[in-house]
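Please read the following report beside the sequence and the model.

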Amino acid sequence: MSRLRIYDDTRADAPLATHTEHAAIARELAAVGVRFEQWEASQPIVPGASQDEVIAAYRSDIDRLMREEGYQSVDVISLQPDHPDRAALRRKFLSEHTHSEDEVRFFVAGAGQFTLHIDGRVYEVLCESGDLIGVPDRTRHWFDMSESPYFVAIRLFTNKEGWVADFTGDEIAGRFPRMAPRPIEAA
């Protein structure tokens, strides 16, 4: 189940609010400039589907976002719990950072946790299958995929080569909850 927990950025021990209904999550995130949507495939996706098949299943939503936001490229990333570099890949984005462009991810399968640090609050967003999150450029955040990562995600970019993490040096991410491993479902 998708979930949003909102914390005071000085108190990781108890959330100020928790939301599990998509409309409430979208409303809370929209108030701080973050896009949160639900998408449905226009055609069935079978496990092991190619990047082209996955993109085709969500083409109308992808095209809409590309028109609205000016994104120029799209791809699919997939990570399994048995990936030999899973620990290094997880560590790569566990510290607070920003990007010079939006970070847009749609979870076709599996889950990932985006944690946003905005105006004295921490917004922990557990994204699952069917969820799209659009984190605006320069938003302080971190991403966790758990110790046993599993996800298939569509990524949209303005400039894929320019999508580089700029780490803030703030140790805040280490004080907030990490993502727990999730059961694997079919894509």
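In helix α1, which spans residues 22–30, the residues Ala24, Ile25 and Leu29 are buried, where buried stands for under 20% relative accessible area, exposed for over 50% and partly exposed for in between, with a 1.4 Å probe and protein chains only. They lie on the same side of α1, because they cover an arc of only 125° around the axis, the arc being that of the directions from the helix axis to the C-beta atoms. The face turned away from this buried side carries the exposed residues Ala23, Arg27 and Ala30. The buried residues of α1 pack against β1 (3–8), β2 (17–19), β3 (35–38), β6 and β7, contact meaning heavy atoms within 4.5 Å. Helices (H or I, at least four residues) and strands (E, at least two) are DSSP runs, numbered from the N terminus.

This is a predicted model, in which local features need pLDDT of at least 70 and side-chain atom pairs count only at pLDDT 80 or more, while totals for chains, interfaces and linings use all residues. Residues are numbered from 1 along each chain as its sequence is written, and side-chain values use heavy atoms, with hydrogens and water left out.

## Aspartate 131

Aspartate 131 belongs to strand β8 (residues 131–135) and is buried, at 0% relative accessibility. Its side chain makes a polar contact of 2.4 Å with the side chain of serine 2 and another, of 3.1 Å, with that of histidine 22; a polar contact is a pair of N or O atoms within 3.5 Å, where within protein one must be able to donate a hydrogen and the other to accept it, and residues adjacent in sequence count only if both atoms are side-chain atoms.

## Salt bridges

The whole structure holds 15 salt bridges, each a side-chain nitrogen of Lys or Arg within 4 Å of a carboxyl oxygen of Asp or Glu. Three of them are tabulated here.

| Aspartate 8 | Arginine 121 | 3.5 Å |

Aspartate 61 and arginine 64 both lie in helix α3 (residues 59–69), three residues apart, and aspartate 61 is buried, with a relative accessible area of 17%.

## Positive phi angles

Aspartate 119 has a phi near 50° and is exposed, at 76% relative accessible area, whereas serine 146, with a phi of about 75°, is buried at 1%.
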